[in-house]
Amino acid sequence: MPTAAAARERLREIEEQLDAFVVGHGEAKRALLLALLCREHIYLEGPPGAAKTRMAEVAARAGGLRFFFYQLHRDTRLAELVGDVVLEREPLAGGGERIAQRTLPGGIATAELCVLDDISRAPGEALNVLLRLLQERKLGDAPIPLLTAIATSNPQRDEYYNEPLDPANLDRFALQLRVPGLLGALDEAPARELLERAAAGALADDARARAVCDRAALDAAYAALAGVAVPQAVRDALLEVLRILRAEYGCDETNSLLTDRSFLVKSIKLLRGHAWLAGRAAVASADLAVLRWMTTFRVPEEAHEKMDEIVARVA
């Protein structure tokens with residue numbers, strides 16, 4: 001198994017591949033890296049043409065994992081996602097036969113990483129089973145090898161003909177980000193860079209992204225997370241952030257999704273991952289910045305927009 005330092009370098013090479021194939025979107029790239037490291041799922045929402053799918057596919061190829069890509073649609077069938085259902089006949093001793101139904105695992109059930117494009121277009125029947133798979137990482141009683149799912153969606157507006165994920169399903173994705181187009185950013189440098197690449201004919205085909213990492217490196221990196229210390233001061237600061245969201249911004253069960261699972265358990269893993277990627281052996285108050293990648297769709301927008309200020313207050 002690679003050393004922790006070697007594994008960290010391989011993960012940084014994934015980010016380099018993302019930079020080579022996708023202009024801008026630095027936050028989304030770092031969040032994708034964190035999702036791969038921490039084995040958490042990530043949801044990217046943004047308008048068409050904002051490179052959401054491109055980033056997801058490049059990350060999947062660069063990670064060197066067995067991956068499954070599927071573009072969901074209104075007529076998506078469950079079998080397309082998890083494998084075909086077959087009927088088996090078994091003769092009975094007294095005559096007759098017993099007919100049983102079995103799923104031949106495929107798609108998500110055999111992948112280490114999956115890209116679920118346009119997830120909000122999936123019909124309820126397929127979506128409910130799909131999101132249960134993401135949570136339990138099991139097909140029936142059998143474990144599946146899935147480490148990370150990358151889901152994309154257009155904004156939840158009528159013109160995109162999609163339905164918003166309900167809160168319970170949205171909570172399956174520890175990391176959640178909006179991915180705006182480059183033209184809407186205050187900094188025009190990324191938009192200019194993309195324009196120049198296009199004018200020079202230098203836009204690389206994302207199918208040419210190289211596998212620069214592998215399962216062994218990701219296993220080594222994941223194992224190293226347990227050794228990253230979380231000081232008491234950081235734990236107290238995390239609880240203070242949550243207190244401020246509740247007390248000062250009115251975030252409660254009626255308008256927010258501040259679940260124990262996400263903010264008392266998964267957040268610790270993400271904090272450790274953020275510190276480890278920076279080469280530190282302990283989480284620092286600066287790592288609390290990752291919380292804004294968790295609150296995007298879990299709290300009202302006005303509260304999410306204040307996350308940097310809230311973190312700065314408690315750091």
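What is the volume of the largest pocket? About 480 Å³. The tour starts there.

**Before you click.** This is a predicted model, in which local features need pLDDT of at least 70 and side-chain atom pairs count only at pLDDT 80 or more, while totals for chains, interfaces and linings use all residues. Residues are numbered from 1 along each chain as its sequence is written, and side-chain values use heavy atoms, with hydrogens and water left out.

**Stop 1: the largest pocket.** Select E27, R178, V179, P180 and R292. These lie nearest the pocket centre, among 21 lining residues. A pocket here is an open set of points on a 1 Å grid over the protein atoms alone, where a 1.4 Å probe fits, with protein on both sides within 12 Å along at least five of seven lines; lining residues have an atom within 4 Å of a point. Points are joined across faces, edges and corners, and the volume is the space filled by probe spheres set on them.

Now colour α2 (26-38), β9 (175-178) and α11 (301-304). Each supplies at least two lining residues. The largest share, 3 residues, comes from α2. Helices (H or I, at least four residues) and strands (E, at least two) are DSSP runs, numbered from the N terminus. By type, the lining has 9 nonpolar, 6 polar and 6 charged residues. Nonpolar covers Ala, Val, Leu, Ile, Met, Phe, Trp, Tyr, Cys and Pro; charged covers Asp, Glu, Lys and Arg; the others, Gly among them, are polar.

**Stop 2: the second largest pocket.** Select G49, A50, A51, R54 and L194. They lie nearest the centre of this pocket, which has 23 lining residues. Its space is about 350 Å³. Show α1 (4-21), α3 (52-62) and α7 (189-199), each giving at least two residues to the lining. α3 gives the most, with 3. The lining divides into 13 nonpolar, 5 polar and 5 charged residues.

**Stop 3: H25.** Go to the loop between α1 and α2, where H25 lies. Is H25 buried or exposed? H25 is buried, because its relative accessible area is 14% and buried means under 20% (exposed is over 50%, partly exposed in between; 1.4 Å probe, protein chains only). Next, show its contacts (heavy atoms within 4.5 Å). Beyond neighbours within four places in sequence, H25 touches A50, A51, M55, V179, P180 and L182.

**Stop 4: A168.** Select helix α6 (residues 167-170), which holds A168. A168 is partly exposed, at 43% relative accessibility. Finally, draw a distance from the C-alpha of A168 to that of W276: 29 Å, for residues 108 apart along the chain.
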